[in-house]
Amino acid sequence: MRVAPLSSSTIIAILCGLLLVTGIGALAIGATGLGFGAVFGTDASGDVARLVITQIRAPRVAFAMLAGAALASSGAVMQGLFRNPLADPGLIGVSSGAALGAALVIVLGLGGLFASWAVPLGGMAGGLASTALLYGFSTRDGVMSTNTVILAGVALGAFSGALTGILIFRANDTALRDLTFWTMGSLAGATWTRIGLLMPFLIVAAVLIGVLATPLNALLLGDTDAALMGYRVERSKRLAMLGVALATGPVVAFAGVIGFVGVVVPHLVRLMTGPDHRVVLPCSALLGAILLVCADTIARIVAIPADVPVGVVTAAIGAPVFVWLLARAERGDAPS
Amino acid sequence: MTLRLEAVSCRVGSRLLLDAVSLEVPRGAMVAVVGPNGAGKSTLLRVASGLIEPEAGDVTFDGIPLKDMTPERLAMRRAMLTQDSPLRTRFPVMDLVRTGLRGVPAKQVDAFAALALRRVGLADFARRDVLSLSGGERQRVHLARVLAQLEAGALSDTPGLLLLDEPLSAQDLPRQALVLDIAREHTRRGGSCLVVLHDLNWAASRADSIMVLSQGRVCATGPPHAVLTPDMLKETFAVAAPRVHMHDRSGRPFVVPHDITAAQASETERKAAPCILP
Ligand SMILES: Nc1ncnc2c1ncn2[C@@H]1O[C@H](COP(=O)(O)OP(=O)(O)O)[C@@H](O)[C@H]1O
Ligand SMILES: [Mg+2]
């Protein structure tokens with residue numbers, strides 16, 4: 001097997017460069033054709049163009065970067081923690097809980113005049129609450145069973161789904177449209193204010209996830225061997241769940257469910273870097289940011305003037321890539 | 001380092017897995033634990049490593065109770081090769097060995113890992129993927145990781161305790177000797193070693209003393225010639241007509257498979273053995 005043909009710092013540098021290029025490209029591309037000149041402010045495209053770029057496209061691109069980074073690095077954490085290549089952030093109930101929280105707000109009209117804030121806040125509360133519930137359910141005497149988390153997560157997801165379904169039956173037409181858009185995931189609502197609200201969560205999550213890189217490497221060897229090497233296994237698991245909930249909860253709350261980024265990106269990264277989380281985590285964040293910016297740009301322009309939900313794009317591209325990765329693993333991974 | 005267990009009992013649910021087990025592994029000594037399947041050997045190692053806290057009794061390293069030591073400190077004083085690893089992910093051999101090396105200056109990590117791999121005879125495997133190795137090679141990679149962890153701990157203290165749970169289970173004959181010689185090398189340098197073995201002959205040929213565990217109790221303990229006796233084979237392992245031979249050159253006892261028959265190890269025989277829990 002080939003192990004890391006490029007050095008990890010080279011890969012990180014390349015990804016940073018790509019992120020810059022995609023970011024600038026995404027600013028220049030859109031429904032109103034503004035060239036690169038407008039992006040750099042070098043032509044006389046005027047105030048409207050500036051406004052489109054600084055107030056509409058820039059927050060959206062920035063949000064896509066943050067969301068992609070959060071989802072992909074969370075996915076990498078989950079896969080390491082559960083030693084399961086299929087694990088994604090949704091596994092700990094964040095997405096389904098957030099969906100239920102948001103649906104409650106949308107359908108029952110709890111937000112009133114503040115609906116644009118109430119929906120994400122409801123989603124955030126739902127996501128964090130269901131992660132907490134799952135953690136409590138899977139922990140006995142301070143020891144968390146990852147198997148129970150996976151199984152109970154499926155059950156909790158189905159249950160939240162059922163409740164959300166009941167709410168959908170009660171929904172009127174506008175609520176139904178909001179709900180549908182939300183479950184498919186969209187970055188159309190990105191504003192600088194929302195990014196400001198998102199940042200504190202993401203900063204705390206980034207610190208937690210960063211600290212976890214080395215323990216996650218040890219956890220790949222199993223809880224027992226990690227504990228024998230002096231790692232505080234249960235504390236690491238708790239921090240990992242908290243970090244993932246803090247990273248994905250608010251993103252899902254604002255943008256809805258954006259699938260496949262969390263599963264596929266870390267796999268692609270490991271193909272390049274190998275399993276070391278000190279490299280996998282930052283590279284996943286970078287590649288997640290790049291790919292979600294690309295996906296969102298496609299979502300913006302593929303059906304002008306309509307704005308396709310970005311979740312549709314990530315699923316349409318992510319699902320085939322995922323199957324390809326699985327087929328590849330089937331052929332290459334067979335041990336002894 | 002000296003490991004001491006005093007009247008250690010351990011329970012899961014209502015089942016007593018260890019019943020007042022006492023044991024000392026002095027500095028420089030290798031103690032082998034033998035006993036039937038399910039006797040509690042792995043449980044004993046888990047207690048001695050601090051992975052689980054006993055329900056009663058004391059476990060100490062050089063007189064310090066394990067429960068007073070932090071996980072980081074424990075990791076410097078002892079390392080353990082477990083019976084099996086759930087690793088299912090691609091992992092380069094070198095990186096796996098490196099995970100055992102905490103608190104080693106970054107510049108020395110590679111040298112430490114390479115040395116550990118050389119000791120277990122896998123110097124050329126550093127860049128291979130763990131999943132592509134044979135079972136025996138993989139077991140030795142984990143042994144290298146464990147040795148590296150002990151070496152890292154010994155940077156700031158005396159050599160620690162090596163705990164090995166059936167380390168020969170996947171090894172061929174010369175590698176079985178290699179593994180036990182590595183353990184003896186560790187004790188010669190002032191470390192100590194507690195090793196679970198199924199092969200009584202390997203235990204008798206290398207260990208300073210043998211402890212026989214059955215149904216959570218110590219049936220016998222002492223130097224090989226005092227422990228590996230026909231009576232012990234009959235009572236603990238339910239061997240029908242046991243014979244023990246003496247090796248001329250080493251003066252250590254051994255048994256041959258030709259004398260052993262399988263049918264005797266049935267449950268009814270085991271229940272008739274003296275080491276039964278109430
Ligand atoms: N967590 C557990 N729950 C219930 N029984 C256990 C547990 N761990 C071990 N045992 C039982 O305790 C006995 C001793 O186990 P172990 O120490 O692994 O035996 P061995 O001597 O073969 O290594 C076995 O019968 C095993 O089934
Ligand atoms: Mg065992």
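**Reading salt bridges, a metal site and an interface**

Student: What is the relative accessible area of Arg73(B)?

Tutor: Buried means under 20% relative accessible area, exposed over 50%, and partly exposed in between, using a 1.4 Å probe and protein chains only. Arg73(B), at 31%, is partly exposed. Keep in mind that this is a predicted model, where local features need pLDDT of at least 70, side-chain atom pairs count only at pLDDT 80 or more, and totals for chains, interfaces and linings use all residues. Residues are numbered from 1 along each chain as its sequence is written, chains are lettered from A and ligands numbered from 1 in the order written, and side-chain values use heavy atoms, leaving out hydrogens and water.

Student: Which residue forms a salt bridge with Arg73(B)?

Tutor: A salt bridge is a side-chain nitrogen of Lys or Arg within 4 Å of a carboxyl oxygen of Asp or Glu. For Arg73(B) the partner is Asp157(B), with the closest N and O atoms 2.7 Å apart. This pair links distant parts of the chain, 84 residues apart: Arg73(B) is in helix H2 of chain B, and Asp157(B) is in the loop between helix H5 (135-154) and strand E7 (161-165). Helices (H or I, at least four residues) and strands (E, at least two) are DSSP runs, numbered from the N terminus.

Student: Which residues coordinate the magnesium ion (ligand 2)?

Tutor: Donors are N, O and S atoms within 2.8 Å of the metal (3.2 Å for Na, K and Ca); water is not among the atoms, so sites may look incomplete. Here, Ser42(B) (OG) and Gln83(B) (OE1) coordinate the ion at 2.0 to 2.5 Å. Ser42(B) is partly exposed at 24%, and Gln83(B) is partly exposed at 40%.

Student: What area is buried between chain A and chain B?

Tutor: Buried area is the accessible area (1.4 Å probe) that two parts lose on being put together, summed over both. Between chain A and chain B this is about 2,300 Å², with carbon and sulfur atoms giving 58%. Two salt bridges are counted between these chains, and Arg145(B) forms a salt bridge with Asp225(A), at 3.2 Å between the closest N and O atoms.
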